[in-house]
Amino acid sequence: MQIRQIQQQDAESFIDFLKQLDAETEFMLFEIGERPTLLSQQIEYIKNLELSVNEVIFVAIHQQHVVGFIALSRKSFNKVKHCFQLVMGILENYHGKNLANDLYQYAEQWAVGQGAIRIELSVIQNNIRAIKFYEKLGFEKEGIRKKSIFSKGQLLDELYMGKILHSQYNKKP
């Protein structure tokens, strides 16, 4: 298994991966068919990522296929550019293999190198496995957006979680 920043050569495999991921899980924001699937668009997006200090995608590659990813992004405004938003997805066949932890370690190291102090995410409240995973990494529950996700005819709550990366900022007043 190889973990590295996404490259233009991964574009087609990444599109296939996202299609499979969206078909396998109800926990990602996108449903089947909602993501852009044009290869030229994906290549252009990855090309722009290669130059960015505000966004990155790390992929897990197994036998030349993307099987997992983690993405970090931030706004470039001075007041919030220390905060990165995280999104992660791994194919079902690769759950339980420590892949999520490995992807997270690469992403956090990159974020710290970009001056990050905080990483935040949202997770559907019934995704217990993900919540427990993020808590093990040091994320804390910070709030709930009630009825913010509509999935399979149900309104679901979205849990906000965050992690402060530097101990000097963890001190309470």
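Helix 1 (residues 11-24) has 14 residues and spans 20 Å from its first C-alpha to its last, which is close to the 20 Å expected at 1.5 Å a residue, the expected span being 1.5 Å times one less than the number of residues. Helices (H or I, at least four residues) and strands (E, at least two) are DSSP runs numbered from the N terminus. The model is a predicted one, in which local features need pLDDT of at least 70 and side-chain atom pairs count only at pLDDT 80 or more, while totals for chains, interfaces and linings use all residues. Residues are numbered from 1 along each chain as its sequence is written, and side-chain values use heavy atoms, with hydrogens and water left out.

Within helix 1, the buried residues are Ala11, Ser13, Phe14, Ile15, Phe17, Leu18, Leu21 and Asp22, where buried means under 20% relative accessible area, exposed over 50%, and partly exposed in between (1.4 Å probe, protein chains only). The elements that cover these buried residues include helix 2, strand 2 (55-62), strand 3 (65-73) and strand 4 (83-90).

Phe69 touches Phe14, Phe17, Leu18 and Leu21, among other residues, when residues up to four places away in sequence are not counted; contact here means heavy atoms within 4.5 Å. In soluble globular proteins, nonpolar side chains tend to be buried together.

The structure also holds eight salt bridges, each being a side-chain nitrogen of Lys or Arg within 4 Å of a carboxyl oxygen of Asp or Glu. Three of them are listed here.

| Salt bridge | N to O distance |
|---|---|
| Arg4 and Asp10 | 2.5 Å |
| Lys47 and Glu44 | 3.8 Å |
| Glu135 and Lys141 | 3.5 Å |

Arg4 and Asp10 are both buried. Lys47 and Glu44 both lie in helix 2 (residues 39-50), three residues apart, about one turn of the helix; Lys47 counts as partly exposed because its relative accessibility is 37%, and Glu44 likewise counts as partly exposed at 39%. In the remaining listed pair, Glu135 is partly exposed at 37% relative accessibility, whereas Lys141, at 51%, counts as exposed. Salt bridges that share partners join Arg118, Glu120 and Glu142 into one network.
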